[in-house]
There are 2 protein chains.
Amino acid sequence: MKILLDSSGLDNGFETAVEAGKLAKEKMNLDIAVVGLPEIESAVKSAGLDFEPAFSEITPFDENPSLAIRRKKDSTINVGLNLLKAGKYDAFVSGGNTGAVLAGGMLIVGRINGVKRAALTGIVPSKNGPFILVDIGATADATPEMLLSFAIMASKYAKEVLGIDNPRVSLLSNGVEEHKGNEATKAANKLFKESNFNFIGNMEARDIFEGNTDILVTDGFAGNIMVKALEGEFLYVNYILKEAAKDNFIAKIGLGLAKKTMKKKFRVLDATKFGGVPLLGLKQPVIKAHGNSNVEAYYNSISVAKKVVETDMTKKIENAFKGEVYE
Amino acid sequence: MKILLDSSGLDNGFETAVEAGKLAKEKMNLDIAVVGLPEIESAVKSAGLDFEPAFSEITPFDENPSLAIRRKKDSTINVGLNLLKAGKYDAFVSGGNTGAVLAGGMLIVGRINGVKRAALTGIVPSKNGPFILVDIGATADATPEMLLSFAIMASKYAKEVLGIDNPRVSLLSNGVEEHKGNEATKAANKLFKESNFNFIGNMEARDIFEGNTDILVTDGFAGNIMVKALEGEFLYVNYILKEAAKDNFIAKIGLGLAKKTMKKKFRVLDATKFGGVPLLGLKQPVIKAHGNSNVEAYYNSISVAKKVVETDMTKKIENAFKGEVYE
C-alpha cells in the first residue's frame, strides 16, 4: 500500500508529516511518500521516504480555497491529488487548508456517482468515546436528500473503518421531537425514518456528550458552528483555569497537583489530538488531518488512510449509491 | 411599576419566584405579584406579594408548546400574559416552558408592527463579559430580513437595557469572509453592511469567547444548537473533572484545594446563573428566566424587567421599525 502525505499547512512544520511518515513506514509497513517544496527533499529522503516535488503551497490563510486550487496548479495539494488520481498512490493524507483539500478533491478526484455533495466529517468526544459529526463545513445549505446521503456515507465509514456494527445515526436538531427543526431537518427526519440505516431520532446539542450515538448528521453550517464553538469553549476553559491559578495561591497549588491527570483527561476535548477523517463521497481515499496535528495525530491520520484502503470503503460507499441494499 | 412573576416551570420550585419577588419588592421598591395555582396563594401572600390565580400549568415537558398555549387557557402563562395585555402589569417574567412563553407572547401580547418574527436572546460568556446571542430558537428558518430585524432589536436592547453605547453586531458564520455562510447568512451580510447599526462583520464560533462583540446574530436553528452545545460541554467538563478526582488521589487533593476558586471562575460558563432575557419584538415586556434559575438568577430577571420598563425599550424598538433613523 502506497500512501502520499502532504507536507503543507502544518502548524508544527513539514517535519510533522515526515516524522509521522517514518513511524508509519516502520510500524505499519507502508510505502510512504511526501509531497513538498524542493527544499524539503533531503529531509524527506533522509527519513527513508519517497519524495514528490511541488512548487507552491496553499496556506491556511488563502481566503478563497476554490480559487487557490484552480490557480496554484503546482501546489502540494494539487500535485498530491493528481498523483492519487493517476493511481500512483492508494490514499492522500493532508493537514493543509481544509477548503482547498475539499475543493481539490471534488475537482480533481471527483465525486462518486449518485453522491450530490462530498461531506466533511468531524470527531466529537463523549462519555462513551468519540462519535462522528457530519457535515462540518462542506455544504452550508444541505437539502434533506443531501443530509440522507451524509448519513449513508457516514454509516459505511463507521462500520468499515471504525468497526462499529450497525452504527446509530442521529439527526441534530433544536429539539428531540420530530416536529422540531428547520425545514430541511424536519424533511430529513422523514427520509431517515424510511431509510435502511439505524436511525435513532433527533438529538439536541446539549446531549451530544452522553455517548448515545455513533453518527450525528447536520448541515455544514450548523455542524461547523457547533464544532468550532466546542473548540472555542475548550480553549476558554483552559484560559479560565489559568486565571484561577493566577488569582488564588491555594488554587494554583491545587491545580498544579491536579495538572497531570487533568491534562490526560482533557485530551478527549482537544480536537487537535484526533486523527484525520476521510472526505466522504470522493472516488478515491483523501484523508484530512488537523492542521494542528502533532506527530501522533498525523500518524493516526495515516492509520485511518490505511484502514480506508484496506476495507475498500470508497467502493462500499459507491455500492450503497448504486441502489444495492443498504445494510 | 408592577411586575408579574410566573411560578410555573421552575426546577427549584415556585418558591424561587416567591423569594426572588420578595427580595425585589424590598430592594427595588417594586409592586410584585405572582401567578400560580390556588395552593400557593398563602405562601405568596405571606411573602407580602400579590397573588393572581391560575388553574393549570404548562410544564417544560409539554411537547407541543403552541398547542398547550391554545388549550390550557387557564395556565399561569396564559393568565399572566392576558393580565399583561390588559395593562394590569408593566412586565411579565416567566421561567416556564420557553416555547409556550414565546408562542403565548406572539398570540396574546402580539408583535410590534414591522417585526416579522419575535426573537429569543441568549447570553454567552466571554473574556470581556457576556454578550447577546440572537436568535436561540424562536425562528429556525430565518430569512436575511429576519436576521436584520434581530440585529436591530438586539442593538436597542443592548443600548437601552445593558447600557452599551453603539453596540458591536456580528453575524455568526462558518468563516469570517463575506463569501462564507449559508445563503441566508451571505445575504444578511449584505443587508447588515447597509444598515445603521454597528456591524463589525462575520464571526466564527471558535472566536466567540474572545469578547470582541456585543451582539451575535444567527438563525434560531444554529443559535439553539450552539448555545446548547456550549451548555453540554460545560456539564461534560465538570464530569471530566470529577472523573479525574476519582482516578487519581493527588488530583483529588489538588482539585479539592482549587475547588472554591474554580467554582467561582466557572460561574461565567453556567447558563443557569444568568438573569432573564426579554423576548424581542413583542408589544409589551415579557422576560424569559432560565427554568434552572436559583433565587439570585430569578431576581436578576426581575431587574432586567425593571430596566426594560424604565427605559421604554419596547417603544424604542417600535420606533426603530417605523422607519425612524436607527442610531
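Student: What makes a contact between chain B and chain A count as one of the salt bridges?

Tutor: A salt bridge needs a side-chain nitrogen of Lys or Arg within 4 Å of a carboxyl oxygen of Asp or Glu. The side chains of B:Arg206 and A:Glu231 come to 3.2 Å, N to O, so that pair meets the definition. The count between the two chains is 6. Do keep in mind that this is a predicted model, where local features need pLDDT of at least 70, side-chain atom pairs count only at pLDDT 80 or more, and totals for chains, interfaces and linings use all residues. Residues are numbered from 1 along each chain as its sequence is written, chains are lettered from A and ligands numbered from 1 in the order in which they are written, and side-chain values use heavy atoms, leaving out hydrogens and water.

Student: How do you know that the copies meet through the same surface?

Tutor: Contact means heavy atoms within 4.5 Å, and 57 residues from chain B and 57 residues from chain A take part. Of the interface residues of chain B, 100% are also interface residues in chain A, so the surface is the same.

Student: Why is the pair A:Phe192 and A:Phe199 called edge-to-face?

Tutor: Rings of Phe, Tyr and Trp (its six-membered ring) pair if their centres lie within 6.5 Å; planes under 30 degrees apart are stacked, over 60 edge-to-face, and the rest tilted. Here the centres are 5.2 Å apart and the planes at 85 degrees, so the pair is edge-to-face.

Student: And what makes B:Tyr236 and B:Tyr239 a stacked pair?

Tutor: Their planes are at 15 degrees and their centres 6.0 Å apart, so this pair counts as stacked.
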